[in-house]
Amino acid sequence: MSLVLDYCEKQGRRHIRFRELAADVLGSGWMFYFVVFIQTAINTGISIGAILFAGQCLQIMYSSLSPNGSMQLYQFIAIVTVVMIALSQFPSFHSLRYINLGSLLLSLSYTFLVVGACIYAANSKNAPPRDYSLDSSEASSVFTAFNSISIIAAIFGNGILPEIQATLAPPATGKMFKGLLLCYTVIFITFYAVAISGYYVFGNKATSNILKSFLPDNGPALAPDWVLALAVVFILLQLFAIGLVYSQVAFELMEKKSADTNQGMFSKRNLVPRIMLRTTYMVVCGFFAAMLPFFGDISSVVGAIGFIPLDFILPMLLYNMTHKPSKSSTVYLVNVFIIIVFTGAGLLGAVSSFRKLIIDAKEFKLFSNNIVD
């Protein structure tokens, strides 16, 4: 992506939006709207997932303090939505730079606590039985595998955001590569440390929110209360940051027509529409999070129809079209191979994701008090 951005820069066409870059290189107006659709799916899906996950974190805290309390999951989601509405008034990506730094520290702190809690639970007298077996149905195992690939694609796709990185002073190549290395380093430290340690302790019974696994329905908590409480606070704050970052792209799309660039950012002409649009967007995301709390399913759908085409197919296609490597060269053949493999993975992942969503929906009630993994 950075090489494509620098190529267009040398041609006198500087792009800091993925959709504009794709439309320019591919020379097709419909590609602009195709990328807009994908980005909207990603941003909305992640915003819904962040609100849903944050609501569950509040529910965990509430259940620990008041085991017999009457509050439901949708009420906590409503609380999170109100907070997100207030925080969403940050005007731009640039205004979130300190929140992003705090988000990095929160991720590392959360990981440290969860891994420590897993080690503690594994060696406690109340350690849960571990079952690492897969689904007995071969078909189900295959669908689950592609469902998981979609989720992993969503995790790694987070690192490729031209909307942020292309604003760097040209040439962007070296800077974007360094940023991506840092991003993937954090991903390996955080996601894989939590996933491996959680699976080691809880096996195939591990939940999408690993903190829920430490609080069995029967028996005491499997980790010290202060550790779980601190981890909940860390991930809750982290989710607010995630929701804010991904909502910014959606906000920019909405406000492109409503804002008047000749007036100030905080002028009444721009402030009122911005508050109304962002509030409406967050309310819609919060409503769907409360009505359909399918966290794992949302993650896999976003990965399959969003991150895979945007981050693992289009960049290779754009590179081949701009740099025009020889069709017999290694670079060209590797790019084509990646396009073919991830197109297949995306299609199968989408089928697997929607299949699981339909299966879960059959045994689900609207505004449920539990998140569906």
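1. Let's start where two helices touch. Val80, Val83, Met84 and Leu87 in helix 4 meet Phe240, Gly243 and Leu244 in helix 10; contact here means heavy atoms within 4.5 Å. Helix 4 covers residues 73–87, and helix 10 covers residues 225–258. Helices (H or I, at least four residues) and strands (E, at least two) are DSSP runs, numbered from the N terminus.

2. A word on what you are looking at. This is a predicted model, in which local features need pLDDT of at least 70 and side-chain atom pairs count only at pLDDT 80 or more, while totals for chains, interfaces and linings use all residues. Residues are numbered from 1 along each chain as its sequence is written, and side-chain values use heavy atoms, with hydrogens and water left out.

3. Now the whole chain. The protein chain has 14 helices and 0 strands. Of its 373 residues, 44% count as buried; buried means under 20% relative accessible area, exposed over 50%, and partly exposed in between (1.4 Å probe, protein chains only). Among contacts in the protein chain with a separation of 6 or more, 76% come from residues 24 or more positions apart.

4. Back to the helix pair from the first point. Two packed helices are described by the angle between their axes and the distance between the axes. How do the axes of helix 4 and helix 10 cross? They come within 10 Å and cross at roughly 55°; axes are lines fitted to C-alpha atoms, for helices over the stretch in contact, and angles run from 0 to 180 degrees between N-to-C directions. Helix 4 and helix 10 are therefore oblique to each other. On this scale, angles under 35 degrees count as roughly parallel, over 145 as roughly antiparallel, 65 to 115 as roughly perpendicular and the rest as oblique. The crossing of helix 4 and helix 10 is right-handed; a crossing is left-handed if the near helix is turned anticlockwise from the far one by less than a right angle, and right-handed if clockwise.

5. Helix 10 has another partner to look at. The axes of helix 3 (residues 29–65) and helix 10 come within 8 Å, crossing at roughly 155°. That makes helix 3 roughly antiparallel to helix 10, and the crossing of this pair is left-handed. Valine 249 also lies in helix 10. With a relative accessible area of 6%, valine 249 is buried. The C-alpha atoms of valine 249 and threonine 44 are separated by 9.8 Å, although these residues are 205 residues apart along the chain.

6. Next, the rings. How many aromatic pairs does a search of the whole structure find? There are 8; rings of Phe, Tyr and Trp (its six-membered ring) pair if their centres lie within 6.5 Å, and planes under 30 degrees apart count as stacked, over 60 as edge-to-face and the rest as tilted. Phenylalanine 202 and phenylalanine 214 have ring centres 5.3 Å apart and planes at 85°, so the pair is edge-to-face. The pair links distant parts of the chain, with phenylalanine 202 in helix 8 (residues 173–202) and phenylalanine 214 in the loop between helix 9 and helix 10. Both phenylalanine 202 and phenylalanine 214 are buried.

7. Another edge-to-face pair joins phenylalanine 287 and phenylalanine 288, at 5.8 Å centre to centre with 80° between the planes. Are these two buried or partly exposed? Phenylalanine 287 counts as partly exposed at 43% relative accessibility, and phenylalanine 288 counts as partly exposed at 36%.

8. Leaving aside residues up to four places away in sequence, asparagine 147 touches Ser300, Ser352, Ser353 and Lys356.

9. Finally, have a look at helix 13. Of the 10 residues in helix 13 (residues 314–323), 7 are buried, including Leu314, Met316 and Tyr319. Just after helix 13 comes lysine 324, in the loop between helix 13 and helix 14 (330–362). Lysine 324 counts as exposed at 60% relative accessibility.
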